[in-house]
Amino acid sequence: MDRVRGSWNRRQFIQAAGTTAALAGVEARARAVPANTRSVFIIIDPADPVASAPAALWAAKQLEDSLSAHGVIVSRFDLLDRASTEDLCILATGSTTFVATQILQAAAIEVPKVHEALGLASGTIDGRKVLLACGYDIRGLVYALLDLSDRVQNAPNAIAALTITQPLAERPANQVRSITRLFTSDVEDKPWYNDREMWKQYLTMLAANRFNRFNLAFGIGYDFIRQVTDAYFLFTYPFMLAVPGYNVRVPQLSDAERDSNLAMLRFISEETVARGMEFSVGLWMHGYEWIDSPNPNYTIEGLTHKTHGPYCRDAVRMLLKECPSISGVTFRIHGESGVSEGSYEFWKTVFDGVATCGRKIEIDMHAKGMDQTMTDIAIATQQPVAISPKFWAEHMGMSYHQADIRELEQPKPGEEKTGLMKLSTGTRSFLRYGHGDLLRDDRKYSVVHRIWPGTQRLLLWGDPVTGAQYSKAFSFCGSNGVEICEPLSFKGRRGSGHAGNRTAYTDLSLSPRWDWQKYAYSYRIWGRLLYNPDAAPAVWQRSLHHEFGPGAPDVEAALANASRILPIITTAHGASAGNNTYWPEVYYNQSMVDSDHPGPYTDSPSPKVFGNVSPLDPQLFSRMSDFAAELVDGNRSGKYTPVEVAQWLEDLSAEAQRHLKRANVTSTNRTTPEYRRMAIDVSLQAALGSFFATKFRSGVLFEIYKKTNDQAALKASLIQYRQARDIWADLANQAKGVYMSDITVGEQSQLRGHWLDRLPAIDKDIAAVALRVDSSTNSPAQPSVALAIREALGRPVRHIPAIKHEAPGKFHPGQPLQLSVSLPQPGSAVHLYYRHVDQAERYTMVPMEVQGAHYAAAIPASYTDSEYPLEYYFEVKQEGMNASLYPGFSKNLASQPYFIALRM
């Protein structure tokens, strides 16, 4: 082998091993290195283009520092024969070098020939103990070396941690694994932005967890530039640049601070690239005139409507030249950018600044408001193009792509809008909160899904089971990965920031030095499973064992169960698609009764009351009002019901509390901030699960009452509502003294405050329900209603039919797709639901015909003649049983509940 990927050719390998019999001496052994070994040799050939790359050398230094911290003496050599035969040699190299190939073959593994693939294998070469750390490319080797470093950091014995008992070869499941950090608050975000030590530690953590892109987003502090008070970085360019030919400036900003801002951006981007990651910058706001804003802290001068486009073109070009480590730019194209939708010439001008910067820069466009004209303009730049839709609206739902979007986001035929948001509220409304029609097979852009900061911003998250399933979801129909808005995103947004503690702790003993350190486990779960959803549990368990000792399994289980709660609530009960309205983590109560005063929930179906809220996936989940009608009428669909969801939440809450109780006994270091932070957040999430479960049951009962006027249902609803209130009060008191009395992710009442602040609205609504009880007339309970009440309060059991279906996986466009299922029970009715993987469309339902022991139906040739994949599922109704869905959810709720068929 030559030196294309590494310098180790056969002759050099023999020289390094010190004998012409070296090839015969290559042996794979998972032999433990003696625990008393105190020296390690790291072998890096300077002529190896993979191992000698700056990022790989940086990763090798991380490993060296981790070993040195354990008292291990580390030496570096460029040839193996210079190392002692008594101590461990770590050989860092490209995976296609001759020596790597020999060790991998002896270990009976192969590193895939794809970007970011890596291998780890133990062996011996001519009597020397060798640990091979290799990568198909530079980033793959970085990951291999950082994995070894992580093992050392979390082990009591550094040398023992380097015993690789099973050789490892991995490849990435997702092309893009990105984290976005958002600058939204002058007072909260300036400190971390200018903290060079923070950036080094933070970016090292991201690289170690195998994120391959970091996006620093500016100009996202406001959705619309009205009533602006905190405008720092809002229109970003003049906060960093003095663009020649324009006198555009921020009069309240000194030239020195402006230049310092640019220097920091250059530093952050360079430190990101030094760790083997890509760096992107988000420029979300291009409006520059604050509207109805009498007291902004910063303003923009020197720009006119005529010079707006050319200035932005020249500014973005200058920014990319001043920061050559930037490899991508995210643009918000829709009206919240401050530029009216359909302003094609403006964006064509701006994109020209990217196209003429002198290198390849990915143009990443936020999907909302996108249409074909805008897509074509971006593609015409001949730069790489990505479109990034929101995953589960502005929230984090369950670990699959919603089968359908809410009716409110479905475009109305023939409805044309005008003005700032004419596309995203008109003919392209289906792209506001999902992947819409982006997943065509003939697309000339990549699709990266974005988890928006709505559902869970504050409390600790970490569940390996759903984490693995999320990972699989982000390659959905050829998608290219995910970008996650990090925890605490939007903290202090729209002028609501507090100086000081960004993690919102009143108890400062809980505050880490840097806010992201609270979420270290969350980053680990996300990053490592986005890279490999089948990663060994040791990947995340090693850090838990290091922190919590014998209590680690219970900490893992407690946090995993708690972490599933809020995404389920969001999926089944989408009070609003917008994060500015709906924050289930610190829930603003919605009334059961008062539709005239819905509070913030203006994008909810009418009447705007709790029981009429649509799920975020209305195709698979039923709302309370519809389910109550089914209970009363006795005609059940196969959708997942609010009572089933309530039971899921109750079970998860109970399991989280059970494991936390055990962890409180078995864990070491229970007084550490890490343990206390985990314990309080698990307790709060478990309580949230219990609260919503109880209120869901109450909501179903109230809807039964509304449909039947049965007082027994009303009284049962009131009992459940009061129980939910007691759960909330206990939750709020747990958080008292732990979290600030004013946690702010915005300026409006539903975006700030404390759990205690939510009690008055709950009490007011309970009083309104109680008033109905007092004013209603007693009447005998109807038998059908009594049965409905029992079901609303009971433990539902969904019958899973013994159905068999061979999913074709692929289909020929323009030919019918024949589908069949078999059921052992006669007399069943089976319906096929199908549509293109296009959320602008609705599902078609067809009854399946009985053909012997099978049920058959076909998706017509005229429908398969499309550039879209297909998704489908079955509804099964059996005699004497409630209907069910197939495939539906797995027992752990972490699965894709429908089938996908791809085009051949």
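The legends below describe close-up views of a predicted model. Local features need pLDDT of at least 70 and side-chain atom pairs pLDDT 80 or more, while totals for chains, interfaces and linings use all residues. Residues are numbered from 1 along each chain as its sequence is written, and side-chain values use heavy atoms, without hydrogens and water.

**View 1. Packing of helices α20 and α23.** Helix α20 (residues 673-708) packs against helix α23 (residues 783-793) at an angle of about 165 degrees, with the axes 9 Å apart. Helices here are DSSP runs (H or I, at least four residues) and strands are E runs of at least two, numbered from the N terminus; axes are lines fitted to C-alpha atoms over the stretch in contact, with angles from 0 to 180 degrees between N-to-C directions. The angle makes α20 roughly antiparallel to α23 (over 145 degrees). The contact (heavy atoms within 4.5 Å) involves R697, V700, L701, I704 and T708 of α20, and V785, A788, I789, A792 and L793 of α23.

View 2. The bond from S606 to P607 is cis, with omega near -5 degrees. P607 is placed in the loop between α17 (565-572) and α18 (624-633).

View 3. Y886 and P887 are joined by a cis peptide bond with omega of about 10 degrees. The loop between β22 (884-886) and β23 (899-903) holds P887.

**View 4. The backbone at L488.** Most residues other than glycine have a negative phi, and most peptide bonds are trans. L488, which is not a glycine, has a positive phi of about 70 degrees. L488 lies in the loop between β14 (481-485) and α14.

Conventions:
Angles under 35 degrees count as roughly parallel, over 145 as roughly antiparallel, 65 to 115 as roughly perpendicular and the rest as oblique.
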